[in-house]
Amino acid sequence: MPRRKVRKLKSTPRLERHYVELSQLTPENLLSRLFAHSVAGPDAPVEFELGSGKGLFLRNFAARHPERNFLGNEVAPKYALFAAGQLAQRELTNAVMIQGDGLRLLREFLPTESLAAVHVYFPDPWWKARHKKRRVLTPASLRDIQRVLLPGGKLHFWTDVQEYYETSIELMMSVTQLRGPVPMAEPPALHDLDYRTHFERRTRQAGEPVFRCWFEK
């Protein structure tokens, strides 16, 4: 499914604690600096979403888990700004959006054994064979994910494309030492925004399957 347009926020919140461009960052003490004002504290467990879109997962889970910090990433500036605006409007101090190349963020900025979880939901499948090198889950990115996870940390992977799911599972098992996959049952949705992502909502409401699993370090 193609992405839908981002609607305008009802107000213009201050974003300095919720939005930052990757080009403005340096790796030194990155997480403690990003979450210096978090209600959870700068040393709380951090969960990272690679490809946050409009940020539904980020804002829902940050609200449900104030004891944890949540780092989102989105390459498209308009989506990253929208997601950050939603966080700011809700005063979710334990969530931050980084706009830029998420694979570079993983590779060059996130410290070894620093994350409690990595979430990858509905990444672009890049259907054509010549485009598959653009997929988010590659041997290099999976090794980076394994590196940044703490012992016991989890990689959550959801997609609506069965071929992508199956080939990604095979790749994870061949290039990492993560334990899995552990399949997940379809979680209930109690209301229209009670989904992990906007894409999950559209997919499930259209009656299409979602393939879900997690791996553990």
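Helices (H or I, at least four residues) and strands (E, at least two) are DSSP runs, numbered from the N terminus. Keep that naming to hand for the tour. This is a predicted model, in which local features need pLDDT of at least 70 and side-chain atom pairs count only at pLDDT 80 or more, while totals for chains, interfaces and linings use all residues. Residues are numbered from 1 along each chain as its sequence is written, and side-chain values use heavy atoms, with hydrogens and water left out.

**The whole chain**

Start with everything shown as a cartoon.

Of the 217 residues, 51% count as buried; buried means under 20% relative accessible area, exposed over 50%, and partly exposed in between, with a 1.4 Å probe and protein chains only. Contact means heavy atoms within 4.5 Å. Among contacts between residues at least 6 apart in sequence, 79% join residues at least 24 apart.

Select residues 56–64, helix α2. Seven of its nine residues are buried: Leu56, Phe57, Leu58, Arg59, Asn60, Phe61 and Ala62.

Next, select helix α5 (residues 139–148), where Ser141, Leu142, Asp144, Ile145, Gln146 and Val148 are buried. The partners to colour here are α4 (102–109), β5, β6 (149–159) and α6 (162–175).

**Backbone stops**

Most residues other than glycine have a negative phi, and most peptide bonds are trans. With that in mind, go to the loop between β1 and α1 and pick Asn29. Asn29 is not a glycine, yet has a positive phi of about 50°, and is exposed, with a relative accessible area of 59%.

Move to the loop between α3 and β4, where Glu91 lies. Glu91 also has a positive phi, of about 55°, and is exposed at a relative accessible area of 65%.

Then zoom in on strand β7 (residues 179–183), which holds Pro181. The peptide bond from Gly180 to Pro181 is cis, with omega near 5°.

**An exposed loop residue**

Select Val39, in the loop between α1 and β2. Val39 is exposed, with a relative accessible area of 59%. Leaving out residues up to four places away in sequence, Val39 touches Pro66, Thr93 and Asn94.

**Last stop: a pocket**

A pocket is an open set of points, on a 1 Å grid over the protein atoms alone, where a 1.4 Å probe fits, with protein on both sides within 12 Å along at least five of seven lines; lining residues have an atom within 4 Å of a point. Select Glu16, Arg17, His18, Leu34 and His37: of the 16 residues lining the second largest pocket, these lie nearest its centre. The elements giving two or more residues to this lining are β1 (19–21) and α1 (30–34).
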